[in-house]
Amino acid sequence: MRTDTPQTIYRKDYNPPTYLVDTVELGFDLDPARTVVANRLTLRRNPAAGGRAIELHGEEIELVALRLNGKTLAGADYTLADNRLVIHEAPDDVVLEIESVCVPEQNTTLSGLYVSNGNFFTQCEAEGFRRITYFPDRPDVMAKYTVMLRADKARYPVLLSNGNLIQEGDLDDGRHYALWEDPFKKPSYLFALVAAKLVCQEETFRLADGRDALLQVWVEDGNLDKTDYAMQSLKHSIRWDEEKYGLELDLDRFMIVATSDFNMGAMENKGLNIFNTKFVLANPRVATDVDFQGIEAVVAHEYFHNWTGNRVTCRDWFQLSLKEGLTVFRDQEFTADMIGTDTGRAVTRIDQVRTLRQHQFPEDAGPMAHPVRPDSFVEINNFYTVTVYEKGAEVVRMYQTLFGVDGFRKGMDLYFERHDEQAVECDDFRRAMADANGRDLTQFERWYSQAGTPVLRFEGRWDETAHTYTLKLIQSCPPTPGQPQKLPFHIPVAVGLLDAAGNDMRLVVDSVDRGATAVLELTQAEQTFVFTDVKEQPVASVLRGFSAPVVLQGSYTDADLLHLFSHDSDPVNRWEAGQRLAMSRLLKLAGEAAAKGNSGASLNLDETFIEAMRKVLVDETLDPAFREQALLLPSEGMVAEQIDGVDPLAVHIARQFIRADIGARLRGELLAQYEANLTPGAYSPDAASAGKRALKNIALSYLNAAPDDESVALAQRQFDEADNMTDRAAALGALIASRVPEAADALDVFYQEFQGEALVVDKWFMMQAAAPTTDVAAVRALMRHPAFTLRNPNRARSLVAAFCMNNPVQFHAPDGSGYAFWAEQVIALDALNPQVASRLARAMDRWRRYAPALQEQMKAALQRVAGQGKLSNDVREVVTKALA
Ligand code: 0A1
Ligand code: ZN
């Protein structure tokens, strides 16, 4: 906990390190109450930097001994203050020996060395290594590590660290040791150790070059029945990177270890990935289709980091998206390739667009808006954001859209050729892409430096006599904190034109045949493109495949949207047309509900919309997974983003009304689709089966939005009979949403059955937290449940964060009780785990957008948190920016 005034760190202030580290030898005597760390470093003065002072970081550790080239340093030789250890004058070549002590069992932050369920784990990204030993803890200091672990053998039979196991054996007093050596240079944030009682599933896997690698997935005893999918995902990832990018596993051993106490999803430590159990453990009984998908994606993500992040790393933390945007893009492409079909690929793309809109666009429009490559931060942990990750991935995707898959690969090859084993900048990646493709990407840099979501407007005009279609594209970007004015972006805009029959026209621009989809490059604030030989009035399909992370505006008529929704050959825009149709209804009805004081009695939904939904629901030529996406309405949060002075209750009423109306008016079709999409036989998480379950379950959910005896019985039967978590959880969700008394019984049954499965208990909390029937009092009651604890991040998120972020009606209760609860929980969590607290703090980001009465109370809650004397930098940065 820091109480000093938080310091802002600026990208422009980057200085190279005064000393470089060649080797690190670490010795650990592991004890939860007092772990002794011996650290022997060889350092060398960095000719690229001035100065003879050695600057080391250290936090929450006690310095015991300090020797330089064999000589114990006197107090006058160094300064130890403000989490920095500075040795004033040092020779060119230095051997530094440091002994320090830390207390893992008291580390509730889960950064550095900590204890979870009696086992030791580490988390060093971004700045956790300094909580283990004194070190120049910055990613541009890359060194070779040797690690000796010593611990009680009975309590910690498994001792793991990065790289290869060199030696192991027994010591006195029931202790044992293991010596690990990582052959590759790495930054300190990739260091890891595990000392634990665990078991593993393992396998030897033949790599493309003929070498055999040992693959292991380590979990707690009793969970070995849940490791198959992670192992399979790992093997698929290794193959994919070999085939797609020619990138091979560079180690003889690759380990995944699961822990139930983890702040994020997982961590790419070299050769020793540490995972949140949520992204490892799965079998059909406990995990849903979405969980299986998450595991495949996260296992791939961490594995892909081995090249994009570890072999080539970041010069400083401002460059975080260099590794994260690129690695997210790679895991997205992997997911799409694993499904293999065109529609499967499109459905994953739709998922990405939805995430971006639901989470990144609001971030880009709020008080925490920052460029993909930020210019400043107070706490780096606050910048592991959807902007750095998901918008960063969109930026990488645009290179592929501009240069094609082959051009992109050339850029990747050049990037590795130039920068292997270096710590570099986002600019280096852009340069590799530009050079490999012979293109000037100077303007493209603005995607990295300018925050905010660009708005792209289009106006189309067909000339009946000249047979031309003129498309005018106009871009702008709203101001964001510290960036009042923006310059035009370089935007790839994929465009198609549909004829009256719904077929793609051939596009001819400047006498060049561009096929069915043309990627236009918009670089000016306003630009006009002329398509020739256009013989009839077309309907434009703009931004196909969501070719750039922008908000698209155009004067669509319902007729245009219906045409696109029925015919667009681009599935993303086809889906998009449906979302636009739905959004216009949601906005209209929310306005009406608000005007009527939120009594929904006389809302009305037009037949046109219902008919469009009916058509897509029953269209057997479309993949079930696509139909499910098309039927899913924009979330309440997405609707709220479109309204100034939003009243969340009105939005909720409007959306519920539409859902119930679909449920009632399409009852027969929904029942038929429910029956048609049953997946008899053994459960399999493959995309085709998952798509069927998704369609079946959205049908069930619509039916129960307008519940009657039959729909409730259907949900109850599914709940009782299903052999997999996807169907059980969906049925339970439908019962809860239908507000029938059966829901309470089902929740009890569910808890009784799964109380031994922590990840399922999380679901149990989460479903209740997000139910519009759960008010603050009910959440407080759930917090008193014996299975609840604020100390476990998954559990805290499943109840507290789920309520504050996924239950808008109750969170925004007019009496302000939700906000008071939020303030209380942020403060309580901050004392335990600033990273988790700070994420919860972000629930208030958009407070200025709410109706005045709510705004006032939100502001008061923010001020209450900001007024706390003792706050972490993490939370302070978030609330200060929110109030600014
Ligand atoms: N690099 C990891 C994410 C991660 C970041 C920070 C952490 O602790 C503060 C943990 C994990 C990834 O992208 O998967
Ligand atoms: Zn990552």
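At roughly what angle do the axes of helix 4 and helix 9 cross, and within what distance do they come? This is a predicted model, where local features need pLDDT of at least 70, side-chain atom pairs count only at pLDDT 80 or more, and totals for chains, interfaces and linings use all residues. Residues are numbered from 1 along each chain as its sequence is written, while chains are lettered from A and ligands numbered from 1 in the order in which they are written.

**Stop 1: two helices**

Select residues 342-364 (helix 4) and 571-595 (helix 9). Their axes come within 9 Å and cross at roughly 50°. Helix 4 is therefore oblique to helix 9 (under 35 degrees is roughly parallel, over 145 roughly antiparallel, 65 to 115 roughly perpendicular, the rest oblique). Helices here are DSSP runs of H or I, at least four residues; strands are runs of E, at least two.

Now show the contact residues (C-beta atoms, placed from the backbone, within 7 Å). Helix 4 gives Thr343, Ala346, Arg349, Ile350 and Val353; helix 9 gives Pro571, Val572 and Trp575.

**Stop 2: valine 495**

Go to strand 28, residues 491-498, and pick valine 495. Buried or exposed? Valine 495 counts as buried because 27 C-beta neighbours lie inside 10 Å (20 or more is buried, 12 or fewer exposed, in between partly exposed). Leaving out residues up to four places away in sequence, valine 495 touches Leu471, Thr517, Ala518, Leu520, Ala540, Ser541, Val542 and Arg544.

**Stop 3: ligand 1**

Select ligand 1 and the 15 residues around it (C-beta atom, placed from the backbone, within 6 Å). Gln123, Glu125, Met264, Met267 and Tyr384 come nearest. Strand 21 (266-267) and helix 2 (289-304) each supply at least two residues of this shell.

Conventions: Axes are lines fitted to C-alpha atoms, for helices over the stretch in contact, and angles run from 0 to 180 degrees between N-to-C directions. Two residues are in contact if their C-beta atoms, placed from the backbone, lie within 7 Å.
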